[in-house]
Amino acid sequence: MTASSAPTAWRPRDCHAHTTFSDGVLAPKALVAVARERGVRPSIADHLSGDVGAAVASVAGVTGYLDVLERLRADAPDLSVSGEFCWHDTLWRDLPRAQWARFGHTVGSLHAVWLTSGARLHMFARGWPDGLDAQSYMDAHVENLERFAREMPVDVLAHPTLLPIPLRGRPLQELWTEAREERAVAALRAAGIAFEVSNRYRPHARFVRRAVDAGVRLSLGSDGHTFEQVADLAWPLATAREAGARDEDLYDPHAHGRRG
Ligand SMILES: [Zn+2]
């Protein structure tokens, strides 16, 4: 589904914030109140994954999560009910179709990728496989991103530039070469998946501009876990504007919803 025009009273939307259901501090109701105070439309996307600490980790858990958020939405119709699923985890594949239908939008992320050796490397692991060089890793990372875009039925890719801890001190532009950015953007574009401009894992300007130029929507996300962090979209919004994004280039769960 695509919108033919931008909403008239446009407000930033926080498409990626966490509550007490996973590793966030605020209860869902409190998060909605904070977002309102900050002039941001709320969305809740807790971790729904069997491979993240303090996440909703089972199909039954997802049912309970959706039940609570749907009750909350009865009083807060501007709330988009969402969740962040790990590409490498099985929970998203196990969810019955009826569960998928209950989300306003869905978020997927690469918290781990498969290497060509068959091993899996987690973004929050501190160790580094023997004999693996950074450029080979990045090739595998982009291959995983392409598979993610082909296979995972989500609407937003969370924090597209998140990399394993041992690589995080390096400039993103050197690891995300222009050729890799091009492949990532083409994969998202072909699938109709939005590129999150995350306030937690901030993408570099060249990548954001490439997404906009290719017609990939940008999703503004705080990835907020605390009172201070949730609904803080100042940096993502400014970055989107600098990249040339207009209102209608921004992903809006209420206007664009689910793809397919
Ligand atoms: Zn994440």
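The legends below describe views of a predicted model.

**Figure 1. Overall fold of the predicted protein.** The secondary structure comprises ten helices and eight strands. With a radius of gyration of 17 Å, against the 18 Å that the globule rule gives for 260 residues, the protein is as compact as a globular protein of that length. Along the principal axes, the C-alpha atoms occupy a box of roughly 55 × 40 × 35 Å.

**Figure 2. Burial and contact range in the protein.** Buried residues make up 44% of the 260 residues. Among contacts between residues at least 6 apart in sequence, 75% link residues at least 24 apart.

**Figure 3. Packing of helix H1 on helix H2.** H1 covers residues 28-37 and H2 covers residues 59-75. The two helices pack at an angle of about 40 degrees, and their axes lie 10 Å apart. Because of this angle, H1 is oblique to H2; angles under 35 degrees would count as roughly parallel, and those from 65 to 115 as roughly perpendicular. The crossing of H1 past H2 is right-handed.

**Figure 4. Residues at the contact of H1 with H2.** On the H1 side, the contact is formed by Pro28, Lys29 and Val32. On the H2 side, Val68, Leu69 and Leu72 take part. By class, the residues of this contact comprise five nonpolar and one charged, with no polar residue.

Conventions: Residues are numbered from 1 along each chain as its sequence is written. This is a predicted model: local features need pLDDT of at least 70, side-chain atom pairs count only at pLDDT 80 or more; totals for chains, interfaces and linings use all residues. Axes are lines fitted to C-alpha atoms, for helices over the stretch in contact, and angles run from 0 to 180 degrees between N-to-C directions. Helices (H or I, at least four residues) and strands (E, at least two) are DSSP runs, numbered from the N terminus. Angles under 35 degrees count as roughly parallel, over 145 as roughly antiparallel, 65 to 115 as roughly perpendicular and the rest as oblique. A crossing is left-handed if the near helix is turned anticlockwise from the far one by less than a right angle, and right-handed if clockwise. Two residues are in contact if their C-beta atoms, placed from the backbone, lie within 7 Å. Ala, Val, Leu, Ile, Met, Phe, Trp, Tyr, Cys and Pro count as nonpolar, Asp, Glu, Lys and Arg as charged, and the others, Gly among them, as polar. The radius of gyration is taken over C-alpha atoms; the globule rule is 2.2 Å times the number of residues to the power 0.38. A residue is buried if 20 or more other C-beta atoms lie within 10 Å of its own, exposed if 12 or fewer, and partly exposed in between; C-beta atoms are placed from the backbone.
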